[in-house]
Amino acid sequence: MTTFKKLTIFLFLSICLSSSWANNTHDDFLKCLSQKIMNSNSISQVIITPKNSSYSTIYNSFSGNLRITSDFKPSIIFTPNDESQIQAAIHCSKKHDLQIRIRGGGHDYEGLSYISETPFVIIDLRNLRSISIDTEDKTAWIQAGATLGEVYYRIAEKSKTLAFVAGVCPTVGVGGHFSGGGYGMMSRKFGTAADNIIDAKLIDANGKIHDRESMGEDLFWAIRGGGGTSFGLITSWKVKLLDIPEKVTVFNVTRTLEQNATQLVYKWQHIAHKVDDSLLLRLFLRSSQSPFSRGQRTIHAFFTTLFLGGVDELLPEMQKSFPELGLVKEDCIEMSWIESILFFAGFPRGIPIELLPIIWKFTSNNQTSFFKGKSDYVQRPISINGLEGIWKLFNQVGENAAELQFSPYGGELSDISESETPFPHRDGNIFMIHYSVNWEKMESSEKHLSWIRKLYGYMARYVSKSPRAAYFNYRDLDLGVNNKGNTSYAQARIWGEKYFKNNFDRLVQVKTKVDPTNFFRNEQSIPPLLSKA
């Protein structure tokens with residue numbers, strides 16, 4: 001027999017055996033789960049396999065990014081109704097060596113909540129989304145499958161002067177967002193979402209349910225910014241609600257290069273982290289048609305802002321700190337906090353607040369485009385020449401295909417120490433950069449990925465160093481990935497110190513204590529230290 005024939009037979013048998021192993025594991029898992037969940041009606045409602053007609057619809061609802069693909073689809077999508085069913089799934093997954101992925105809102109930039117390179121089960125938290133508001137105590141218990149939009153609505157339903165600080169996109173799930181930090185339009189006043197978490201419920205690798213007291217302060221520290229899915233499955237969060245005025249002020253002012261945008265962006269870098277803590281001046285940069293020169297492209301700078309107060313308080317602050325923008329009263333809109341959530345999410349004004357539950361329900365994170373994101377932290381203003389270099393790179397990609405988002409720091413973000421939570425991006429940072437590029441066709445992928453990596457390379461001289469920091473919620477596998485199976489500490493540190501800086505070592509220590517067998521894992525999960533034995 002020739003070497004070629006031997007190789008062909010070997011490959012064929014390997015595929016067959018692999019498929020047989022996966023099917024057997026799948027069946028064993030289902031049998032185990034059926035024994036653990038005794039109610040047959042209940043189990044049929046929470047287990048979805050490729051044989052179910054709803055499988056494709058549910059699986060396809062996961063991805064907000066056509067770039068994310070995998071040769072493996074989950075053999076089972078499990079949608080538990082309560083914690084006991086999650087405990088059963090963890091037990092059966094461990095018993096039959098079947099990897100799990102935990103999905104909340106499905107917004108993971110690299111799809112790690114719903115793809116894997118090995119046979120796996122998705123635990124989808126869509127049925128765990130209750131929100132309990134206590135206005136007297138100014139707290140809320142929020143299940144991990146809820147979305148930010150649902151949380152904001154439920155708070156506003158109960159109070160006009162309480163809020164919570166977290167991201168802008170209403171379809172993002174709280175489970176991953178809170179555990180990775182959670183920057184939002186009030187972060188200069190109140191810090192991140194993780195800074196305002198006061199308790200949590202977590203199921204560990206042994207299926208035990210913990211609250212803050214029973215999990216201990218080390219684990220409670222780790223899940224507030226260190227990524228919860230490295231340590232267990234978080235089922236709910238208890239958060240501190242925040243006092244806000246009944247009226248806030250928003251504006252979105254656009255300037256182009258012809259309107260002095262380069263100098264305005266340069267000045268913005270000197271003041272955005274120093275202004276009143278109640279003011280957050282966010283900046284978006286895109287390249288598209290010039291309103292002044294027909295057929296010509298230009299840079300558009302969008303100054304998108306929330307102020308916790310009235311317009312009559314805002315205008316003097318802007319005149320003092322940023323007169324060059326030329327803000328006038330007509331640019332500003334006073335509204336309630338919940339109305340500002342709709343404003344920043346891009347919804348038209350005038351939508352009745354009562355309709356928000358329906359809007360959130362039918363607002364999908366599905367996209368019909370490909371996407372790649374990256375992040376950086378800036379500690380010294382980028383020079384005029386540096387900005388002009390960015391403008392040139394913008395012209396090498398299609399109109400409106402790319403966007404840079406500059407999110408200011410300072411205020412409460414800088415007052416909290418780097419080690420208070422695993423989220424280390426504190427004092428010394430002027431702003432965070434979010435890079436994004438979108439495209440429509442698969443064949444354009446390499447071109448656009450090369451472009452954003454070229455821009456990221458160009459920016460190296462202007463951003464943080466040793467390490468070049470990144471925001472965990474803007475996950476980026478370009479930074480490094482774990483080895484398959486049990487990765488080494490050294491391998492994980494390559495990407496880990498970029499997200500967590502000096503907190504990475506403490507996260508590893510916590511992981512080693514609570515999940516030494518690395519049951520909860522993915523391509524960028526915190527590894528345990530391997531046994532010296």
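Buried means under 20% relative accessible area, exposed over 50%, and partly exposed in between, with a 1.4 Å probe and protein chains only. This is a predicted model: local features need pLDDT of at least 70, side-chain atom pairs count only at pLDDT 80 or more, and totals for chains, interfaces and linings use all residues. Residues are numbered from 1 along each chain as its sequence is written, and side-chain values use heavy atoms, with hydrogens and water left out.

**Overall form**

- The chain holds 18 helices and 18 strands. Both are DSSP runs numbered from the N terminus: helices are H or I with at least four residues, strands are E with at least two.
- For 533 residues, a compact globule would have a radius of gyration near 24 Å, and the chain agrees at 24 Å. The radius is taken over C-alpha atoms, and the globule rule is 2.2 Å times the number of residues to the power 0.38.
- The C-alpha trace spans about 75 × 65 × 50 Å along its principal axes.
- Of the 533 residues, 57% are buried.

**Salt bridges**

- Side chains of opposite charge can pair when their charged atoms come close. Here a salt bridge is a side-chain nitrogen of Lys or Arg within 4 Å of a carboxyl oxygen of Asp or Glu. The count comes to 26.
- R126 pairs with D124, with 2.8 Å between the closest N and O atoms. R126 counts as partly exposed because its relative accessibility is 25%. D124 is at 0%, so D124 counts as buried.
- E157 and R154 form a salt bridge at 3.0 Å, N to O. They are three residues apart in helix α5 (residues 148-158), so about one helical turn separates them. E157 is partly exposed at 45% relative accessible area, and R154 is partly exposed at 31%.
- R426 bridges to D195, the closest N and O atoms lying 2.8 Å apart. R426 sits in the loop between α15 (412-415) and β18 (431-439), and D195 in the loop between α7 (187-190) and β8 (197-203), so the pair ties together parts 231 residues apart in sequence. R426 is buried at 1% relative accessibility; D195 is buried at 17%.
- A network of salt bridges links R67, E110, K372, K374, R453, D476 and D478.

**Surface charge**

- D276, D277, E313, E334, D415 and D427 form a negative surface patch. Patch residues have over 30% relative accessible area and no salt bridge; like charges are joined within 9 Å, and nonpolar side chains (Val, Leu, Ile, Met, Phe, Trp, Tyr) within 5 Å.
- One of the patch members, E313, lies in helix α11 (residues 311-321).

**Backbone exceptions**

- Most residues other than glycine have a negative phi, and most peptide bonds are trans.
- S466 and P467 are joined by a cis peptide bond, with omega about 5 degrees. P467 is in the loop between α16 (445-458) and α17 (489-500). P467 counts as buried, at 18% relative accessibility. P467 and K498 are 31 residues apart in sequence, yet 5.6 Å apart in space, C-alpha to C-alpha.
- D97 is not a glycine, yet has a positive phi of about 55 degrees. D97 lies in the loop between α4 (83-95) and β3 (99-103). D97 is exposed, with 54% relative accessible area.
- K501 also has a positive phi, near 50 degrees. K501 is in the loop between α17 and α18 (503-514). At 18% relative accessibility, K501 is buried.

Conventions: Accessible areas come from the Shrake-Rupley method with a 1.4 Å probe; for residues, only the protein chains shown count as cover. Lys and Arg count as positive and Asp and Glu as negative; His and the chain ends are not counted. The place of a charge is taken as NZ of Lys, CZ of Arg, CG of Asp or CD of Glu.
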